[in-house]
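This briefing is meant to be read with the sequence and the coordinates side by side.

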Amino acid sequence: MAHVNDNIKAYKGFRSITLLCLVVLYAPLVIVTIYSFNASQSITNWEGISLRWYAEVFTGPESEKFKVAAFNSFTIAIIAATASTAIATLAATAMVRGGNFKLRTVSFGLISLPLMVPEIVTAVATLIFFNAIGFTRGYMTILVAHIAFCIPFAYLPISARMQGIEDSFEQAAMDLYATRRQAFTKILMPLMAPGIISGFLLAFIVSLDDFIITNFVKGAGVETLPTAIFGSVKQGIKPNIMAISTMLLSISIVMVTISYFVSKSDNTK
Amino acid sequence: MAAGAASGGSARADTYKDARGWLLLPSWAVLGIFVLGPVCMMLIYSFLTKEFRGGVIWEFSLAAYDQFFFDRGLFGDEPPTIEWTYITIFWRSIWQAGAATLLSLVIGFPTAYFIATRPENVRPVWVFLITIPYWVNLLIRTVSMKFLLRDQGPLNDFLIGTGLIDSPIHIVNTNFAVQLGLFYSYLPFMVLPVYAAVERYNFSLSEAAADLYASKWTTLRRIVLPAVKPGVVAGCILVFVPSMGSFLAPDLLGGAKNFMIGSLIEEQFKGNAGNWPFGAAASMILLTMVLIILMFSARQQAKADKAGG
């Protein structure tokens, strides 16, 4: 393509709109982060910097509730992300390295189903399902639901990565008498590592962040961090909620950043 | 598979041809049993009789759909008239989702275009900046938005402090707050497909238009927009669909007057006052609308692919 003059491409005002867009996206997060360090008892006045609300999260009257919720959230996220990543890796191998087959489109449709069905509908359906088979709602029902809806989030980066790796590496290994299993574990898996890691991290964040489906299938007494936060927020936004929110949003941002840099690294060269 | 190397990664390798059934089994099982199965179960529940403490009685009934569309008076013996309550809630959801989509398009299109015309090596950084907030917990983002916008919040403080306004603007609990919340929730879904389309756009066409004395805005309207239309349509659908069924933004930012489908459905399953078959029926109606939109867009996309050759 011939080089096109930048004057022809550029539109006046588009840069300002982009900057406005970034301000709108980040302002609420920055503001909440700032106010989580507020020394004041009220959320409106600013009285200087302090860590009291962070201390409150760990030692205050609600700390026990948040500790249990955090334990549930993180164990569910780790197990769900691990399981869905494993399932997604197998599925991607079949879809990308399995030649052409009839059920390909159907399989892809099934894998992306959780992305197409509105979340509230999935939530209602899952609740009804567990009710119909007589399964008591609690930790297990949350875990199973999370494994299911995390699969597409793990699948997309993994299959994208696999499509980018020529199968000549595995073919070469197998020409040199490696078994297919060896070619898979010694050649394909290491090359796939960036895709698998970023798939795992995205599934982890999606599980950690989920509110709607969890809220429907959790049953009485079992809370995750988002449902515990939602319960607190219904009585008004309190400073300790801002401290928890800041910690959670930092975790998400750190993990997405890792995922971004890992998926960018190219180890096929 | 000697051809594999020559044609690069695009060739469909078939190393695992014989094992693909086993490889696909776990995903089929988990998604079939815990997503597709439940949706079918929900369809059945929408045709059952409601039990008063939540749950259902296994007896066929059209009561849920009847309640949604028809009003038969207090004792159910009057001639049916159209029941507007729920249709209004659906209509409001469509309207709100549409307004949020428009807002996302107006802000998202210039943003995507701007990013796509940056030097190639910095584009991923811009895209990354736009997507980071999406990965932050939706609940936290919505709560943060409410904190920022409320009457005594930092935004109003700032505006009063600068002397632009005398008394706080009421934003929370208005339609606009919900639209802003939805925009905030799903903006990357607009930016990413539009960005991908603009990146593929051949800017020589714009140059040709300029050579033929088209003004810049005419070029944008008549040349760029038609060329990137599939991306714009995809972006609109990706924002519209989740907005319609959203729960958090209307619940936290909208208040009782701005009730949307998500809240209507949620209420049916809360505590003993709910009506499970009715909630299932409302979910089915929402799902049907979404599937129609997705099918329509898939056909449009197929048509565009064909036309594009």
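The points below are grouped by topic and describe a predicted model. Over all chains the structure holds 37 aromatic pairs, and a search of the whole structure finds two cavities of 30 Å³ or more. Chain A has 13 helices and zero strands.

**Chain A as a whole**

- Taken along the principal axes, the box filled by the C-alpha atoms of chain A is roughly 70 × 65 × 30 Å.
- Of the 269 residues in chain A, 56% are buried.
- Among the contacts in chain A with a separation of 6 or more, 75% are between residues 24 or more positions apart.

**Aromatic pairs and the cluster**

- Among the 37 aromatic pairs is the one formed by Y11(A) and Y113(B), which is edge-to-face, with 5.5 Å centre to centre and 75° between the planes.
- This pair joins two chains, because Y11(A) lies in the loop between α1 (6-9) and α2 (14-35) of chain A, while Y113(B) belongs to helix α4 (residues 84-116) of chain B.
- Both partners are buried: the relative accessible area is 8% for Y11(A) and 1% for Y113(B).
- A further pair is formed by F114(B) and W126(B), whose ring centres are 5.4 Å apart and whose planes stand at 85°, so that this pair is also edge-to-face, planes over 60 degrees apart being counted as such.
- F114(B) is buried at a relative accessible area of 5%, and W126(B), at 18%, counts as buried because the limit is under 20%.
- One aromatic cluster is formed by Y11(A), F14(A), F109(B), Y113(B), Y201(B), F203(B) and W217(B).

**Charged groups over rings**

- In chain A, K65(A) lies over the face of F66(A), at 5.3 Å from the ring centre.
- In chain B, the charged end of R141(B) sits over the ring of Y184(B), 5.9 Å from its centre.

**The largest cavity**

- The largest cavity holds about 40 Å³ of space, and its lining consists of V32(A), I237(A), I241(A), M242(A), S245(A), I140(B), V143(B), S144(B) and F147(B).
- The elements giving two or more residues to this lining are α13 (239-264) of chain A and α6 (138-149) of chain B, and α6(B) has the largest share, with four residues.
- By class, the lining of the largest cavity has seven nonpolar and two polar residues, and no charged ones.

**The second largest cavity**

- About 30 Å³ of space lies in the second largest cavity, which is lined by L138(B), T142(B), L182(B), S185(B), Y186(B), S246(B), L248(B) and A249(B).
- At least two residues of this lining come from each of α6, α8 (175-200) and α11 (248-254) of chain B, and the largest share, three residues, is that of α8(B).
- The lining of the second largest cavity has five nonpolar, three polar and no charged residues.

Methods. Residues are numbered from 1 along each chain as its sequence is written. Chains are lettered from A and ligands numbered from 1 in the order in which they are written. This is a predicted model: local features need pLDDT of at least 70, side-chain atom pairs count only at pLDDT 80 or more; totals for chains, interfaces and linings use all residues. Side-chain values use heavy atoms; hydrogens and water are left out. Rings of Phe, Tyr and Trp (its six-membered ring) pair if their centres lie within 6.5 Å; planes under 30 degrees apart count as stacked, over 60 as edge-to-face and the rest as tilted. Buried means under 20% relative accessible area, exposed over 50%, partly exposed in between (1.4 Å probe, protein chains only). A charge sits over a ring if NZ of Lys or CZ of Arg is within 6 Å of the ring centre and within 35 degrees of the ring normal. On a 1 Å grid over the protein atoms alone, a cavity is a set of points where a 1.4 Å probe fits but cannot get out, and a pocket is an open set with protein on both sides within 12 Å along at least five of seven lines; lining residues have an atom within 4 Å of a point. Grid points are joined across faces, edges and corners, and a volume is the space filled by probe spheres set on the points. Ala, Val, Leu, Ile, Met, Phe, Trp, Tyr, Cys and Pro count as nonpolar, Asp, Glu, Lys and Arg as charged, and the others, Gly among them, as polar. Contact means heavy atoms within 4.5 Å.
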